[in-house]
Amino acid sequence: MPRAVWKGSISFGLVNIPIELHTAVRDHRPRFRLLHAGDLSPVKFERICVRDGKPVAWQDLVKGYEYQKGRFVVLTRTIDIIDFVKAQQVDDRYFETPYYLVPEKGGEPAYALLREAIRASDRIGIATFILRDAQHLAAVEAIEDALVLSVMRFADELVEQHQYGFPDAAGVRKADLDMAKTLVNHLAADWDPAKYTDQYRENLMRIIKGKMRGRKVELAPSAEPRQAEVVDLMKRLRQSLARTGASRVASRRPLRRKRA
């Protein structure tokens, strides 16, 4: 099992469950390092233990208060669930990075109990915890067999919409809306996350590999949609519908076998 990024406990009411925090996402993007411009040597930033002079990983750090020279009180790490709320009430803009909460030895029964209670209630836990020297808001939800913690933004971190002057719906014509709804329905599909790939990463790796071989890589320019002016909005919608319909029909058309 991969090393935990955080160890502590999750508490709700008087129940305390020892858990580990593990990342729930993979980062496939190429990692760049800071280099010294003069000789292209890598530059290190490390957390060094004063006693043994060795670097310390994030997961091995704890927070402590020095109440006397060289004497510390270590603060415990706890994910404190404050409320259980309906997930539908939480704006998606609040959610950030997901992590798996993995029970430590002996905590499995209480972990399963909390998971099933959250699932049965159709609610998510709203909690606070400390990660890397900062307090975070978090959501705890049951997803399949796991309790998943998603780091959240605090309310004052969201920018108010009224600053941007978004248009209201009063100026939308019914004919335009009907045409746009038809286009949406033409593009309707079942959610399949595997069909969406990071094309930026793929192109970036092509460029990097080309440079490694001393070649220049030419990427095909992506077709940018033209701006839909008010005067020809309906025309653009019709063109989009025609193109979408033709591509859908072509994708469903069976291949004809050549006659012998």
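Student: How many helices and strands does the protein chain have, and what makes a stretch count as a helix or a strand?

Tutor: The protein chain has 4 helices and 9 strands; a helix is a DSSP run of H or I with at least four residues, a strand is a DSSP run of E with at least two, and both are numbered from the N terminus. Read along the sequence, their order is β-β-β-β-β-β-α-β-β-β-α-α-α. This is a predicted model, in which local features need pLDDT of at least 70, side-chain atom pairs count only at pLDDT 80 or more, and totals for chains, interfaces and linings use all residues. Residues are numbered from 1 along each chain as its sequence is written, and side-chain values use heavy atoms, with hydrogens and water left out.

Student: Where in the protein chain is confidence lowest, and where is it highest?

Tutor: Confidence here is pLDDT, the predictor's own value for each residue on a scale from 0 to 100. The mean over the protein chain is 81, and 81% of its residues reach 70 or more. It is lowest in helix 4 (residues 233-252), at a mean of 65, whereas strand 9 has the highest value, 96. Over residues 253-260 the pLDDT is below 50, and beyond near neighbours in sequence this stretch has 0 contacts in the model, a contact being heavy atoms within 4.5 Å.

Student: How do you know that strand 1 and strand 2 are paired?

Tutor: Two strands pair if DSSP finds at least two bridges between them. Strand 1 and strand 2 have 7 bridges and run in the antiparallel sense, so they meet that condition. Ile10 stands opposite Ile17 in strand 2. The two strands form a hairpin with 2 residues between them, and in the turn Gly13 has a positive phi of about 65 degrees.

Student: Which residues of strand 6 stand opposite Thr23, Glu20 and Leu147?

Tutor: Thr23 stands opposite Tyr99, and Glu20 stands opposite Val102. These belong to the antiparallel pairing of strand 2 (residues 15-23) with strand 6 (residues 95-103), which has 5 bridges. Strand 6 is also joined by 5 bridges to strand 9 (residues 146-152), again antiparallel, and there Leu101 faces Leu147.

Student: Why is Ser11 called buried?

Tutor: Buried means under 20% relative accessible area, exposed means over 50%, and partly exposed lies in between, computed with a 1.4 Å probe and protein chains only. Ser11 has 10% relative accessibility, and therefore it counts as buried. Ser11 lies in strand 1 (residues 6-12), and, leaving out residues up to four places away in sequence, it touches Asn16, Thr78, Ile79, Asp80 and Ile81. Across the protein chain, buried residues make up 22% of the 260 residues.

Student: What makes His36 partly exposed, while Leu40 is called exposed?

Tutor: His36 has a relative accessible area of 48%, which puts it in the class of partly exposed residues, whereas Leu40, at 57%, is exposed. His36 sits in the loop between strand 2 and strand 3 (63-68), and Leu40 is also placed in the loop between strand 2 and strand 3. Beyond its neighbours within four places in sequence, His36 is in contact with Ser41 and Val43.

Student: What is the phi of Leu40, and what is that of Asp122?

Tutor: Most residues other than glycine have a negative phi. Leu40 has a phi near 60 degrees, a positive value in a residue other than glycine, and Asp122 likewise has a positive phi near 60 degrees. Asp122 is found in the loop between helix 1 (108-121) and strand 7 (123-130), and with a relative accessible area of 45% it is partly exposed.

Student: How do you know that the span of helix 3 agrees with its number of residues?

Tutor: The expected span is 1.5 Å times one less than the number of residues. For the 14 residues of helix 3 (residues 199-212) this should give 20 Å, and the end C-alpha atoms are 20 Å apart, which agrees. Just after helix 3, Gly214 takes a positive phi of about 80 degrees.

Student: Which residues of helix 2 are buried, and why are they placed on the same side?

Tutor: Asp176, Met179 and Leu183 are buried in helix 2. They cover an arc of only 70 degrees around the axis, which puts them on the same side of helix 2; the arc is that of the directions from the helix axis to the C-beta atoms. On the other side of helix 2, Lys174, Val184 and Asn185 are exposed.
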